[in-house]
Amino acid sequence: MTTFVVIESITPNQSLIFSAQQGPQGIGGATGPTGPTGPTGPTGSTGVGASGVTGATGVTGPSGATGVTGPSGATGATGPTGVTGPSGPTGVTGPTGVGATGVTGPTGVTGATGVTGAASTVPGPTGATGPTGPTGPTGSTGAASTVPGPTGATGPTGAGVTGATGPTGATGATGATGADGRSANYYDYKADTSATTGDPGTGDLLWNNATQISATQININHINSDGVDVDIFLGLIKTNDVIIVQDASNSNNFQKWTVSATPTMQTNYVEVPVTLTTSSGTGTTNFANNHALIVAIISTGIVGPTGPVGATGPTGATGPIGATGATGPAGATGPSGASGATGATGPGTDALSVVLMLGGM
């Protein structure tokens with residue numbers, strides 16, 4: 001900055017130029033910590049003086065030393081308080097203290113006996129009742145027993161008599177058996193008693209037991225003694241059909257058999273499982289070898305359907321239920337908690353006060 005000063009008392013007027021240019025900046029030292037800002041001093045008064053003749057501009061002197069850093073400013077206002085953290089869990093409540101019984105105050109001094117006044121027929125006022133002392137804290141209630149008493153034993157179940165089951169209804173009648181088949185054929189054969197197994201040979205039949213009426217199977221060749229191949233008819237024999245083996249010259253000599261299972265067709269002959277029903281004459285004592293026989297095959301009719309089953313009888317009534325056994329005793333009740341301590345007795349009106357009250361009446 002440059003300042004011009006005009007001095008009027010000099011002829012001619014001269015202008016003095018004061019240069020306040022700053023010299024070169026020295027190397028800055030390290031910045032120290034900022035101290036508190038000091039208070040601003042009062043501004044000094046401007047001095048009055050005549051301006052001198054402006055001299056030649058002098059050489060700019062070196063920069064003055066850096067002034068002492070003023071004190072740091074006041075500390076800024078405290079920032080807002082942070083958010084309060086969550087509260088910790090509440091501590092376990094301590095046990096209730098047992099309050100001690102308050103100490104009874106000392107008995108007051110007995111007042112002096114007042115002057116006996118004239119007997120009054122009017123009774124004096126009753127002395128004021130002293131205040132009631134504070135009630136002591138209530139004792140904690142005893143913890144209820146958490147263990148229930150034992151359950152009484154269940155009484156025995158009453159013995160109820162079960163009602164008798166009603167009778168079963170009668171079974172329906174069996175349907176009528178169908179009539180015997182009308183088909184009956186007979187074929188000429190000769191007895192073969194020389195063997196009891198295998199093919200009996202053309203025109204022959206054999207028994208699988210030497211005692212003919214004890215046989216369980218009869219083997220019949222598919223060609224009869226007349227040379228007729230009857231294989232197709234033998235293949236029609238079925239279980240429960242009837243086979244009659246009879247003497248060709250005398251009907252009193254016979255064997256009556258029932259087919260007991262499905263026959264087995266073999267090459268040239270059939271094996272017929274049989275059960276003897278009845279026999280007569282030489283049919284019982286054995287037919288002779290090569291004796292002429294006739295074999296009658298009677299096919300049984302179809303068995304009629306079985307009749308419906310009769311209705312089942314009603315079920316008998318159920319007997320009464322036995323009485324329920326007695327309930328067992330209830331479990332014991334848990335112990336009661338201890339009673340709280342009695343509070344201290346409050347201050348009452350002592351005897352001296354009563355006497356003074358009476359004496360002043």
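The structure is a predicted model, in which local features require pLDDT of at least 70 and side-chain atom pairs count only at pLDDT 80 or more, whereas totals for chains, interfaces and linings use all residues. Residues are numbered from 1 along each chain as its sequence is written, and side-chain values use heavy atoms, with hydrogens and water left out.

The chain contains three helices and 10 strands, where helices (H or I, at least four residues) and strands (E, at least two) are DSSP runs numbered from the N terminus. Along the sequence these elements follow the pattern β-β-β-β-β-α-β-β-β-β-α-β-α. Of the 361 residues, 19% count as buried; buried denotes under 20% relative accessible area, exposed over 50%, and partly exposed in between, with a 1.4 Å probe and protein chains only. Contacts (heavy atoms within 4.5 Å) were also examined by sequence separation: among those between residues at least 6 apart in sequence, 68% join residues at least 24 apart.

Strand 5 (residues 217–221) is largely enclosed by the rest of the structure, because four of its five residues are buried. Strands are taken to pair if DSSP finds at least two bridges between them. Strand 4 (residues 204–207) runs antiparallel to strand 5 and is joined to it by three bridges, with tryptophan 207 opposite isoleucine 218. Strand 9 (residues 269–280) is likewise antiparallel to strand 5, and five bridges connect the two; here asparagine 221 has tyrosine 269 as its bridge partner.

A nonpolar core is defined as a set of buried Ala, Val, Leu, Ile, Met, Phe, Trp, Tyr and Cys residues joined through side-chain atoms within 4.5 Å. The largest such core has 22 residues, of which Tyr189, Trp207, Ile220, Leu234 and Val272 touch the most other members. Two or more residues are given to this core by each of strand 3 (184–191), strand 4, strand 5, strand 6 (242–247), strand 7 (250–259), strand 9 and strand 10 (292–298). Not counting residues up to four places away in sequence, valine 272 touches Thr216, Gln217, Ile218, Ile220, Ile237, Ile243, Val259 and Pro263.

Glutamate 271 lies in strand 9. This residue is buried but has no salt bridge, and the nearest side chain of opposite charge, lysine 238, is 20 Å away. Lys and Arg count as positive and Asp and Glu as negative, while His and the chain ends are not counted. A salt bridge requires a side-chain nitrogen of Lys or Arg within 4 Å of a carboxyl oxygen of Asp or Glu. The side chain of glutamate 271 does make a polar contact of 3.5 Å with that of glutamine 266. Polar contacts are pairs of N or O atoms within 3.5 Å; within protein, one must be able to donate a hydrogen and the other to accept it, and residues adjacent in sequence count only if both atoms are side-chain atoms.

One salt bridge is found in the whole structure. Aspartate 241 forms a salt bridge with lysine 238, the closest N and O atoms being 3.0 Å apart. Aspartate 241 is buried, with a relative accessible area of 0%, whereas lysine 238 is partly exposed at 37%.

Asparagine 224 occupies the loop between strand 5 and helix 1 (231–234) and counts as buried at 5% relative accessibility. The side chain of asparagine 224 reaches the backbone nitrogen of aspartate 226 at 3.1 Å.
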